[in-house]
Amino acid sequence: MEIYLPIADIPVNLFLLFLMGIAVGFISGMFGIGGGFLMTPLLIFIGISPAVAVASVASHISASSFSGVIAYWRRSAIDLALALMLLCGGIIGTAAGVWLFSFLRSIGQLDITIGLSYVTLLSIVGGMMIAESMRAILRARQGKPAELRRPGSHTWIHGLPFKQSKIYVSAIPVVVIGFLIGFIGAVMGIGGGFLLVPALIYLMRVPTGVVVGTSMFLTLVTMTGATVMHAATNHLVDAVLALTLMVGGVIGAQFGARAGQRIRGEQLRLLLGILVLMVGLRFAYDLILQPDELYSVRHLENGM
Amino acid sequence: MRRLGISLAALLLAFGLNGQARAEHLVVALSTHQVQINSSFVGTDLVLFGAIERDEKTVARSGGYDIVVRVTGPPQTEVTRRKSRVLGIWVNAESRVFLEAPGYLAVLSNRPLNEIAGPEVLRRYRIGLENVTLPQVIAGDIGDVPVNDPFRMAFLRLNRELRLYREAPNAVTFFAPHLLRAAIRIPANVPVGTYIVDVILFSEGVMLGTSNSAIEIQKVGFEQFVASSAHEHGLLYGLATAGLALLTGWIASVVFRRD
């Protein structure tokens with residue numbers, strides 16, 4: 001069943017969109033990420049302009065992260081103090097990202113920036129995740145105990161975030177991380193969960209238990225903000241597209257979350273790392289190989 | 001608009017007289033003058049019917065008639081970019097801005113254009129993709145470029161691939177010596193606006209007359225509502241979309257609650 005998208009201005013198959021929502025939702029539920037880094041390229045691949053894809057995916061992520069946040073909230077697996085600190089940076093970062101997005105679009109370098117950012121970010125993060133999880137798996141095979149967490153870090157759970165050891169008491173790195181995630185998210189159409197989760201685990205030593213919920217909370221606020229800001233400044237949010245994706249996404253996420261619980265942590269991270277790296281390499285392939293068509297045409301909006 | 005079209009047609013007809021007594025004129029009817037884009041829009045086909053009327057004093061032409069139907073979409077500003085390799089990666093480098101380029105262009109005829117009239121005639125009446133005016137902004141100036149300009153060629157090629165530009169030498173059929181039918185394919189990705197339909201009558205390579213009408217393509221209903229609210233009330237639209245997202249998320253958490 002074809003449906004005409006009012007902002008993207010093209011007809012797409014409704015079931016295809018819905019299935020994409022479910023598939024990405026499944027992955028996002030499984031790994032506890034927003035899934036924007038998969039959804040945006042998929043939308044571009046089926047012919048939606050990158051600008052509309054990035055802007056519309058923001059609302060899709062905000063839907064799936066909200067259902068996630070509610071679930072984690074019930075289990076009180078969200079560190080609110082940490083999340084609010086991240087948010088301070090996150091909101092400013094998102095606004096800056098939306099501004100850069102508009103600017104790059106006006107000079108015609110948006111697509112290349114999205115492409116380059118994907119390659120750089122996904123290859124590095126994917127590579128790091130694979131390396132780390134491989135080490136963890138090998139350690140487990142050799143029967144050595146898993147690396148111990150730094151003492152004191154477990155108290156994050158008890159909501160006393162800034163009374164810990166000097167290494168991570170400062171609010172500055174937290175705000176900076178929030179800013180970067182918000183900024184990258186608005187420009188690339190990703191929630192940033194796949195960046196924030198490792199950043200919190202490895203840089204801030206936040207226990208895995210609260211990381212996903214806290215990261216989802218931040219994603220929820222920045223992506224809801226990005227939806228409103230993209231709609232108000234660039235008029236590119238396609239509500240029909242977004243709604244179809246989010247309905248599929250929240251359903252898929254539920255099944256993904258159940259599947260994720262059956263897989264061990266380091267194996268899950270290895271799978272996610274491979275997935276992230278593959279998407280990154282796909283973008284690299286497009287950038288490095290000579291394209292079949294060197295020219296592109298884009299409609300300029302000037303109030304006509 | 002219609003009146004203007006008719007007077008323009010009369011003017012062109014007079015121009016076409018060219019000293020000789022030409023007494024043919026065209027009567028044209030379109031299957032619809034309004035195309036509505038709703039949520040199930042996947043493109044549409046319009047049919048144009050035409051009759052060539054000849055007054056009794058005029059003798060029949062031995063060469064028969066030829067018809068060119070030209071459908072021109074609303075003018076748009078388009079930018080064409082060329083990728084070049086910079087530090088090993090392909091990035092958009094050079095670009096050209098096309099001003100007032102037709103958002104849709106179909107040139108339909110009953111046989112190949114070069115058999116209908118000579119290149120001079122086709123160029124004069126701007127018939128065919130090769131002869132369409134595509135003014136570019138070049139170094140702050142506006143002007144058309146030669147037919148073999150790479151950006152112009154790329155622009156036409158890309159639009160042809162998008163099925164927005166089309167040259168079909170078999171889309172017009174004569175089902176009686178003076179009665180014709182043309183099939184106009186409107187793909188789903190067309191811009192909205194006013195489309196001008198010119199029907200041009202030829203015989204033995206000479207332009208005899210034209211007829212001019214218009215089609216309106218617009219979004220209606222829900223599509224119209226979404227598109228116009230997104231553009232006119234961006235903030236509200238954004239808040240509504242965000243609210244919808246939160247609602248969807250909340251419903252999902254209620255439906256799938258497992259405790």
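# Where chain B meets chain A

Me: How many residue pairs are in polar contact between chain B and chain A?
Reply: A polar contact is a pair of N or O atoms within 3.5 Å; within protein, one must be able to donate a hydrogen and the other to accept it, and residues adjacent in sequence count only if both atoms are side-chain atoms. Both residues of a pair must be at pLDDT 80 or more. Between chain B and chain A, the count is five.

Me: What kind of model is this?
Reply: Residues are numbered from 1 along each chain as its sequence is written, chains are lettered from A and ligands numbered from 1 in the order in which they are written, and side-chain values use heavy atoms, with hydrogens and water left out. Local features need pLDDT of at least 70, side-chain atom pairs count only at pLDDT 80 or more, and totals for chains, interfaces and linings use all residues; the model is predicted.

Me: What area is buried between chain B and chain A?
Reply: Buried area is the accessible area (1.4 Å probe) that two parts lose on being put together, summed over both. Contact means heavy atoms within 4.5 Å. Carbon and sulfur atoms give 64% of the buried area, and the total is about 4900 Å².

Me: Which residues of chain B lose the most area to chain A?
Reply: The contact takes 58 residues from chain B and 56 residues from chain A. On the chain B side, three residues together account for 13% of what that side buries: B:Arg81, B:Trp90 and B:Phe256.

Me: Which element gives the largest share of the side of chain B that touches chain A?
Reply: Helices (H or I, at least four residues) and strands (E, at least two) are DSSP runs, numbered from the N terminus. Across this interface the rule finds zero salt bridges. β5 (75-86), β6 (89-102), α4 (150-161), α5 (221-232) and α6 (234-255) of chain B each supply at least two residues of this side. The largest share, 15 residues, comes from α6(B).

Me: How many residues of the side of chain B that touches chain A are nonpolar?
Reply: Ala, Val, Leu, Ile, Met, Phe, Trp, Tyr, Cys and Pro count as nonpolar, Asp, Glu, Lys and Arg as charged, and the others, Gly among them, as polar. On this side, 16 residues are polar and twelve charged, while the nonpolar ones number 30.

Me: Which strand of chain B do five bridges join to β3 of chain A?
Reply: Two strands pair if DSSP finds at least two bridges between them. β3 of chain A covers residues 295-299, and its partner runs antiparallel. A:His299 stands opposite B:Glu78. The partner strand is β5(B).

Me: Which are the edge strands of the five-stranded sheet?
Reply: This open sheet has the order β3(A)-β5(B)-β6(B)-β8(B)-β9(B), with antiparallel pairing. Each edge strand pairs on one side only: β3 of chain A and β9 (141-143) of chain B.

Me: Which helix packs on this sheet?
Reply: Within the sheet, β5(B) and β6(B) pair over ten bridges. One helix touches β3 of chain A together with β5, β6 and β8 (136-138) of chain B. Its direction makes about 70° with that of β3(A), where axes are lines fitted to C-alpha atoms, for helices over the stretch in contact, and angles run from 0 to 180 degrees between N-to-C directions. The helix is α4(B).

Me: How far apart are the closest N and O atoms of B:Asp45 and B:Arg185?
Reply: A salt bridge is a side-chain nitrogen of Lys or Arg within 4 Å of a carboxyl oxygen of Asp or Glu. The whole structure has seven salt bridges over all chains. In the one between B:Asp45 and B:Arg185, the closest N and O atoms are apart by 2.9 Å.

Me: Which strands hold B:Asp45 and B:Arg185?
Reply: The two residues are 140 residues apart. B:Asp45 is in β3 (residues 44-54) of chain B, and B:Arg185 is in β12 (residues 179-186) of chain B.

Me: Which strands stand at the edges of the four-stranded sheet of chain B?
Reply: The order is β1-β3-β12-β11, with antiparallel pairing. Each edge strand has a single partner, so one side of each is left without a neighbour in the sheet: these strands are β1 and β11 (172-176) of chain B.
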